[in-house]
Amino acid sequence: MPNKKTLHFKTNVQLKSIIGKDLINDDRIAILELVKNSFDADAKTVDVTFLNLKTNDDDKVSTFSNSTSRIVIQDNGLGMDMSDVENKWLNIAYSDKKTNKRQHKRRMAGAKGVGRFSCDRLGEFLNLYAKTEKSEKYIKLTIDWKLFEVEDDKMEIQTIPLNFEELSKSELAQAGFKPFEKGVILEIIKLRSSWAYPVKDKNEKITGWNTEKFVSLKKYLEKLINPNQAFENDDFGVHIYAPEFINENDAKNAHDKFIGKVESRIFNKLDFKSTSIESKTLDSGRIIYTELKDKGKTIFWLKEKNPYFPFIKDVKVSIYFLNPYAKAFFTRQTGIQAVNYGSIFLFINGFRISPYGDVGNDWLRLDQRKAQGTRRYLGLRDIIGQIEILDENNDFQIISSREGIVKNDYYKNLTSSDRNDSFYYKAHRRLERYVVDGLNWDSSVYDGQNKEEAKKLREIEMKIVAGETSEDDLLYREDDYTKQRRTYAAIHSIISARTSDVLELYINEELITQKIDEERKRSEIEFKQLIRDFEQKRVDPDTLNRILLKKAEQNLELEKELKDLTKYSTNEATTKAILRLQDYKKTIEEQALLIESLKKQLEDLALEKQSNEKKVSSYKAKAEKAERDLAIEKEKNLYLLATRRTLSPDADGLIHTIKINNIEIRDGLDNLIDDITENDYIIKDVIKRLGHIKVNAERTLKMAEFATRSDLKEDIERRNIDIVKFIQEYVTLYGETFADEIEFVFELNDSQLTKNTSILNLSIALDNLINNAIKWGANTILFSFKNLSAKELSLTVSDDGVGLVEKHLNKPDRIFDLGVREQAPNGFGGSGIGLFYTRNLLEEMGNKIHFLGNGKLLSGAAFEIIFKAL
């Protein structure tokens with residue numbers, strides 16, 4: 001028989017680099033691995049301190065001194081004694097998690113037993129200090145990582161000696177550290193990477209320091225810890241300290257400060273209303289519970305069998321859809337633009353797995369899908385969220401490189417986009433259908449393709465971020481009722497669940513009852529009108545047939561809706577709403593029966609009608625005469641309308657202003673005659689009032705002269721004037737003609753703008769604005785000027801009247817449409833053309849006017865005119 005021999009693996013000294021600085025390729029990941037080790041050791045706090053970065057002797061010494069660059073990572077965990085250091089910390093690939101899934105009331109974070117070699121990634125030397133609560137002495141282990149970096153095929157890692165010693169409290173203090181009861185200090189010395197960079201001027205003088213790597217580290221750690229999943233009672237905290245960079249830290253805005261506690265930036269609740277879906281496993285993974293919400297309101301929830309069990313057992317998916325408004329609110333809450341935040345993160349046992357969810361990382365192939373239909377699919381820029389996994393069996397195996405997890409069957413059942421058949425995509429597709437088919441993307445009223453709308457949308461987004469706009473101020477392209485109707489029509493497609501899998505379903509009862517209530521109300525109105533028409537013999541059998549056909553279609557639609565709803569096991573609220581739907585169906589059927597009866601009566605009346613043809617003939621003759629008379633009247637009206645249409649827009653505007661002036665003349669004369677008749681006047685006051693009447697008469701004559709001239713357009717448009725000076729003088733000179741008690745106030749703000757414009761057109765526009773303010777109860781009118789630039793002037797005209805009526809506030813631009821008018825509090829109604837021609841005249845001069853709102857400067861309405869010089 002052959003001689004048997006035994007062989008053993010050898011661990012070459014270069015293994016250190018393979019599992020150390022070569023394996024862990026990111027300084028941030030290295031620090032995270034060391035933080036996770038502290039977490040597993042039941043630490044309550046971990047302090048990460050950077051020292052000697054601005055000035056050090058790294059390039060001057062071969063080993064290190066007190067002035068060499070350092071990172072000190074200290075925790076207050078259980079610590080280690082000599083046995084722990086020798087048998088655990090120095091035991092490559094040893095990990096408690098392989099035998100203990102939970103420890104110290106926490107799920108263990110480390111898995112491979114190589115995280116400690118992150119120290120090699122960060123620096124050339126390591127001093128490890130450790131103590132347990134029972135130990136009297138401190139353990140100090142010193143490692144020179146360069147000793148392992150030799151090209152020797154025969155040298156094994158075990159042959160490199162490591163120095164250790166026991167320290168007293170005083171000896172620890174001499175090493176520069178305060179005595180501690182328990183825990184570990186990792187003093188990483190002579191850093192391999194720069195953490196801050198000097199900023200120099202052209203003379204090579206340092207003018208500042210670039211600290212973006214610190215900011216990046218803190219933001220990285222902020223997104224790596226999920227407080228809901230990993231910890232109990234918020235009992236774990238990480239702090240970053242960099243004493244040399246306090247001034248640089250203080251100069252940054254709140255979201256970019258890097259010194260202090262690392263607060264979790266993984267959101268568990270958005271501080272604004274959004275559209276979201278949450279899907280999680282229940283009953284040890286055998287049931288999936290899914291809930292879709294829109295702006296705080298539950299649209300549906302359902303419990304269903306988990307088709308991915310046993311691969312998916314303790315998983316939760318949360319996805320938020322962000323429309324343009326929501327993205328701005330997200331930036332206001334987090335300080336980060338959603339596009340720079342990331343997308344769908346993955347957490348296992350409370351710690352994030354990189355690089356999933358990083359900006360541009362399409363690990364779920366979302367953007368690949370969106371490229372196939374941008375208006376049909378949600379992409380990385382449309383959503384944010386997270387997948388949370390509690391994994392005690394290491395089913396989701398983390399790759400040793402700290403870059404993702406093994407793509408095994410568990411991974412595929414979680415993430416596969418093939419036929420959207422995975423736990424994640426089941427939730428994703430439901431949210432996607434709701435956003436696309438129900439909300440029609442929940443678009444802003446300014447979410448269009450043209451540059452003007454895009455500019456307005458950006459302005460609103462900036463106001464949201466600045467906290468100057470609330471959610472109640474936002475306008476959408478569609479109202480809630482339209483979206484709800486569309487959602488109800490598509491609800492079963494959105495839910496998309498097998499009947500046999502559904503254990504319980506809730507559909508927002510308002511979706512069902514609102515449709516019923518709206519259709520019932522409309523149906524009752526139509527039915528009552530039908531009865532009246534029937535009683536007045538204004539309906540025929542054909543009309544009834546059309547109505548019967550419509551009722552039949554309604555009945556079929558209701559039958560389908562009831563069939564779709566009743567095939568599921570629904571909760572109590574949804575069941576009650578379904579009963580109301582059934583009751584409405586019964587009402588439709590009863591109406592149809594009654595219409596059938598009416599139809600029978602009409603058919604009987606048709607026989608009687610034949611015997612009354614002579615009477616009908618007589619009525620017909622009268623009707624024909626009436627039609628001829630009506631035709632004559634229509635011709636007259638058409639002539640009048642045609643006559644009006646021959647007026648040019650400029651002349652039409654002048655005529656409107658002439659009308660206003662003549663009303664002032666008429667009213668002024670009437671009041672003067674009354675006062676004189678009643679002997680209630682003062683000669684001085686009479687002369688003053690006659691002067692006002694004379695000014696109005698002269699202005700009317702001047703405008704009439706313009707209106708009759710063929711070169712009206714040229715006379716209106718040619719004149720270089722100082723806009724501010726002209727308006728102040730014009731209103732001061734002619735203002736008193738509008739009302740006795742009106743007060744005009746000017747805020748000039750050293751404003752000035754010279755512009756080639758039409759004095760007459762500008763005068764007409766001012767007259768119309770002043771006249772409207774007086775009609776709506778104004779006693780004071782404020783003219784506030786402000787230069788937006790050297791060639792741009794803003795004029796805000798604000799009054800203390802009643803303001804714009806409520807029904808126009810949602811769409812105030814309508815008041816500039818021809819014919820839009822309202823009854824003023826004084827009982828006078830406008831013609832509906834004043835503001836229309838005011839805007840036209842101003843725009844012809846290259847200016848713009850829009851309604852600013854009520855109560856902007858004074859308590860009433862406010863308009864802004866923008867003058868631009870060429």
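Keep in mind that the model is predicted. The chain has 870 residues, and 46% of them are buried. Its secondary structure includes 25 helices and 27 strands.

**The chain as a whole**

**Helix 13 and helix 15**

- Helix 13 covers residues 423-438 and helix 15 covers residues 480-495; the two pack with their axes 9 Å apart, at an angle of about 150°.
- Angles over 145 degrees count as roughly antiparallel, so that's the label for helix 13 and helix 15.
- As for handedness, helix 13 and helix 15 make a right-handed crossing.
- On the helix 13 side, the contact is made by Arg430, Arg433, Tyr434, Asp437 and Gly438.
- Helix 15 brings Lys483, Arg486, Thr487, Ala490, Ser493, Ile494 and Ile495 to the contact.
- Sorted by class, the residues in this contact are five charged, four nonpolar and three polar.

- Ser443 sits in the loop that runs between helix 13 and helix 14, the latter being residues 451-465.
- Is Ser443 buried or exposed? Its relative accessibility is 13%, and buried means under 20%, so Ser443 counts as buried.
- Setting aside neighbours within four places in sequence, Ser443 has Tyr476 and Arg477 as its contacts.

**Asp382, in another loop**

- Asp382 is found in the loop between helix 11 (366-370) and strand 19 (383-389).
- With a relative accessible area of 10%, Asp382 is buried too.
- Which residues does Asp382 touch, not counting those up to four places away in sequence? They are Tyr320, Phe321, Leu322, Lys327, Lys370, Tyr377 and Trp441.
- Trp441 is one of those partners, and although Asp382 and Trp441 are 59 residues apart in sequence, their C-alpha atoms are 9.9 Å apart in space.

Definitions and conventions
Residues are numbered from 1 along each chain as its sequence is written. This is a predicted model: local features need pLDDT of at least 70, side-chain atom pairs count only at pLDDT 80 or more; totals for chains, interfaces and linings use all residues. Side-chain values use heavy atoms; hydrogens and water are left out. Axes are lines fitted to C-alpha atoms, for helices over the stretch in contact, and angles run from 0 to 180 degrees between N-to-C directions. Helices (H or I, at least four residues) and strands (E, at least two) are DSSP runs, numbered from the N terminus. Angles under 35 degrees count as roughly parallel, over 145 as roughly antiparallel, 65 to 115 as roughly perpendicular and the rest as oblique. A crossing is left-handed if the near helix is turned anticlockwise from the far one by less than a right angle, and right-handed if clockwise. Contact means heavy atoms within 4.5 Å. Ala, Val, Leu, Ile, Met, Phe, Trp, Tyr, Cys and Pro count as nonpolar, Asp, Glu, Lys and Arg as charged, and the others, Gly among them, as polar. Buried means under 20% relative accessible area, exposed over 50%, partly exposed in between (1.4 Å probe, protein chains only).
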